[in-house]
Amino acid sequence: MSKSALLVIDLQNEYLPTGKLPLAGIEQAAENAGKVIAKARQEGTQVIHVQHIANAESPIFVPNSNGIEFQDTVKPQTDENVVIKNQINAFLNTNLKEILDTNEVTELVVIGSMSHMCVDAAVRAASDFGYKVKVIHDVCTTLDLEFNGVKVPASHVHATLMAAFEFAYAQVISTEDYIG
């Protein structure tokens with residue numbers, strides 16, 4: 001029997017419209033996150049929160065700033081683990097894998113931000129470590145990007161990542177699939 005954990009990645013104030021790095025659709029993603037977290041708690045699924053804190057010289061996620069605080073809809077409960085990371089990958093130089101292994105987790109459900117950065121890194125690493133991974137696509141979000149003069153809308157960035165996950169790394173589901 002598989003043992004599941006919910007990994008909530010970087011749903012912090014920095015990504016809100018009032019933050020320094022607002023994401024497309026963050027309000028809806030945060031609302032969905034609240035539903036997903038409530039369902040996980042109701043079922044006794046372990047909820048693990050990841051908090052990005054950069055170094056003091058960084059323009060975003062500055063230590064001791066409002067930007068690093070968790071969004072109101074997803075604040076951790078006192079009995080839930082908070083993994084603090086300073087890199088993109090939640091597994092890199094953190095105790096995340098130790099927490100998962102200690103709790104005999106075999107399946108990881110991933111939500112959070114940004115789809116093309118921290119979610120991507122965690123999903124691929126989790127898959128590489130052998131965890132069965134699910135990504136709840138409408139609880140992840142990102143922003144518009146540009147490369148070599150080509151502007152890529154956030155919706156396309158997000159869809160590309162979800163398609164890549166579904167191709168080889170994870171099962172991609174909706175909030176409704178998870179809570180229904």
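Among contacts in the chain (heavy atoms within 4.5 Å) between residues at least 6 apart in sequence, 75% join residues at least 24 apart. The model is predicted, so local features need pLDDT of at least 70 and side-chain atom pairs count only at pLDDT 80 or more, while totals for chains, interfaces and linings use all residues. Residues are numbered from 1 along each chain as its sequence is written, and side-chain values use heavy atoms, with hydrogens and water left out.

**The whole chain**

Display the chain as a cartoon. Five helices and eight strands are present; helices (H or I, at least four residues) and strands (E, at least two) are DSSP runs, numbered from the N terminus. Traced along the sequence, they give the pattern β-α-β-β-α-β-α-β-β-β-α-β-α. The radius of gyration, taken over C-alpha atoms, is 15 Å, close to the 16 Å of the globule rule (2.2 Å times the number of residues to the power 0.38) for 180 residues, so the chain is as compact as a globular protein of that length. Along its principal axes, the C-alpha trace spans about 50 × 35 × 30 Å.

Next, colour by accessibility. Buried residues make up 50% of the 180 residues in the chain, where buried means under 20% relative accessible area, exposed over 50%, and partly exposed in between (1.4 Å probe, protein chains only).

**The largest nonpolar core**

Select L7, L100, V110, V135 and F165. Of the 29 residues in the largest nonpolar core, these touch the most other members. Such a core is a set of buried Ala, Val, Leu, Ile, Met, Phe, Trp, Tyr and Cys residues joined through side-chain atoms within 4.5 Å. The elements giving two or more residues to this core include β1 (4-9), β4 (107-113), α3 (115-128) and α4 (154-169). The most comes from α3, with six residues.

Centre the view on V110. Leaving aside neighbours within four places in sequence, V110 is in contact with L7, I9, V119, V123, V133, K134, V135, I136 and C140.

**The cysteines**

The structure holds zero disulfides, a disulfide being a pair of cysteine sulfur atoms within 2.5 Å.
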